[in-house]
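Please open the model in a viewer and keep the selection panel at hand. The stops below say what to select next and what is to be found there.

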Amino acid sequence: MELKKHLQPHAVLIPLPLQGHITPFTHLAMKLASKGFTITFVDTESTHQQIATAQSLKDGDNPFSHGQKCGLDIRYAKISDGFPLSFDRRANARQFMKGLTHVFQTHVDDFIENLVLSKPNPPISCIIADSFHVWGSMIAKKYNLVNVSFWTEPATVLTVFYHMNLLKSNGHFGSHDKYEDTIRYIPGVQTIKPEDLPSYCQDDDPSACNYVFKCIKDAQKADFVIGNTVQELESSTISALQVQQPFYAIGPVFPTSFTKRTISTSLLPASDCTNWLNSKQDGTVLYISFGSLANLSKQDILEIAQGILISKVSFIWVLRHNILGSGERNILPLGFEEETTGRGLVVPWCSQLAVLSHPAVGGFLTHCGWNSILESMWCKVPMVCFPVLADQLTNRKLVVDDWRIGVNLCTRGLIRRELVAENIGRIMSRSDELKKNIEKTKIILQNALSDEGSSEKNLNQFIEDMKNKILQK
Ligand code: UDX
């Protein structure tokens, strides 16, 4: 039995049911399965319904059906997140997050208990929970599983969270009167301005902050943390993290990295922009998207739209129906779409990797979601940054100040159409420095994923260390 466990680990993967988390989790599942793991992937019923609708899945199919037919041992399960399918999780985010802490935990607990009782072959040996769940360590302990936390954001953000006490003792936590300071005391983070801290360290929304802090506390108890980042991008930060806990940078975790079998993880139906892009010259189109969660104000949208008009750039703009955070449908200023006919395409959602990898795309106006940044780097597309919340504020600093592969759209909170146009122009004209840096970053990512690269080696090391840990159980 011990030998069997050693040879084939069986991991239960549980993402946070949000787009930016489901995507890397799905690819992680494929990656681990292709390295011999048995995977039980746990989706929520609501997520499954969205994916099934968006991908027109046949009854009984799941996102891994193709991988399963190709011999990967991925078992797919869906459990309730505690809310009816008709419940608007986005509009009631606070209530939803509360449910994820309590009700969802009970459902996960019941699910694992039943799974253990069903004596699966091989037996489950490990849980890989999203670092944004608060109960990973409790479940791992209860069922004697190896406890792995998957961190889907940059290591810098995790490091900042791990040192919240330092921020508090230095008066930089939730404080708005020390904005001019430069923070130099976080191990592994050379310098950071208070305005670049994750919003949860600046916000006064106590419920969101408390949730994140509980998650971080729980992640600190994990046997291993795996991160969707790259050693060479954040080397000193990762070294500092490793002093605290075994941390393995295994990113970027997306299809190009491990298999030719692509898998769509979109929760929304995607418009196909290929024909439109085919009609444009190389490097002339600006792609605009603010990810799956961020809300913008009507004023932000207005200034961006006017900036686009001034810049005369060709563009694809992903405007989710709920981007304003309200049911309001009139998102764009009157006449905008007519005025940009032919040079602009507005869609509610698209296949982002397909768009970014099209040669016509020359720039990306982004909210700085971490998946978007990794995808943009991979496709060698420099960024214009407009961070809105959470890790996006810190991610902006990495992109613009540290790696120099993007520019700011504007000073935070001060969006002006002339500045928007100017910065779009800067990114589309691709200075030699931007071009050189984005090429360099792509090579870093590519090398990391090669057989002898850091992410591949880290992943293999993680698997070996995890197997040893299983044997100790
Ligand atoms: C959020 C946070 O903003 C992010 O920083 C954190 O790391 C995860 O949670 P989100 O707003 O979803 O994420 O942004 P991002 O991380 O960029 O993920 C969005 C994903 O949706 C990307 O993988 C992107 O390719 C995909 N996408 C986006 C589409 O497939 N189509 C679109 O039209 C827009």
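Helices (H or I, at least four residues) and strands (E, at least two) are DSSP runs, numbered from the N terminus. Residue numbers start from 1 along each chain as its sequence is written. The model is predicted: local features need pLDDT of at least 70, side-chain atom pairs count only at pLDDT 80 or more, and totals for chains, interfaces and linings use all residues.

**Stop 1: two loop residues with positive phi**

Select Ala390, which sits in the loop between strand 12 and helix 17 (392–402). Its phi is near 55°, a positive value in a residue other than glycine. Is Ala390 buried or exposed? Ala390 counts as buried because it has 23 C-beta neighbours inside 10 Å. A residue is buried if 20 or more other C-beta atoms lie within 10 Å of its own, exposed if 12 or fewer, and partly exposed in between, with C-beta atoms placed from the backbone.

Next, select Lys380, in the loop between helix 16 (370–378) and strand 12 (383–385). Here too a residue other than glycine has a positive phi, near 60°. Lys380 has 19 other C-beta atoms within 10 Å and is therefore partly exposed. Most residues other than glycine have a negative phi, and most peptide bonds are trans.

**Stop 2: two cis peptide bonds**

Move to Asn121 and Pro122, which are joined by a cis peptide bond with omega of about -5°. Pro122 belongs to the loop between helix 6 (103–117) and strand 4 (126–130). Then select Gly251 and Pro252, where a cis peptide bond again has omega of about -5°. Pro252 is in the loop between strand 7 (247–249) and helix 12 (274–278).

**Stop 3: helix 2**

Select residues 19–34, the 16 residues of helix 2. From first C-alpha to last, helix 2 reaches 23 Å, close to the 22 Å expected at 1.5 Å a residue; the expected span is 1.5 Å times one less than the number of residues. Helix 2 is largely enclosed by the rest of the structure, because 14 of its 16 residues are buried. Within helix 2, select Met30, which counts as buried because it has 28 C-beta neighbours inside 10 Å. Just after helix 2, Gly36 takes a positive phi of about 100°.

**Stop 4: helix 8 against helix 11**

Select residues 155–162 (helix 8) and 235–244 (helix 11), whose axes come within 9 Å and cross at roughly 45°. Helix 8 is therefore oblique to helix 11. Axes are lines fitted to C-alpha atoms, for helices over the stretch in contact, and angles run from 0 to 180 degrees between N-to-C directions. Angles under 35 degrees count as roughly parallel, over 145 as roughly antiparallel, 65 to 115 as roughly perpendicular and the rest as oblique.

Which residues of helix 8 and helix 11 make the contact? Helix 8 contributes Ala155, Thr156, Leu158, Thr159 and Tyr162, and helix 11 contributes Thr237, Ile238, Ala240, Leu241 and Gln244. Residues are in contact if their C-beta atoms, placed from the backbone, lie within 7 Å.

**Stop 5: helix 13 against helix 18**

Finally, select residues 298–311 (helix 13) and 417–428 (helix 18), which pack at an angle of about 55° with their axes 7 Å apart. Helix 13 and helix 18 are therefore oblique to each other. Among the residues that meet are Ile304 and Ile310 in helix 13 and Val420 and Ile424 in helix 18.

Methods: Contact = placed C-beta atoms within 7 Å.
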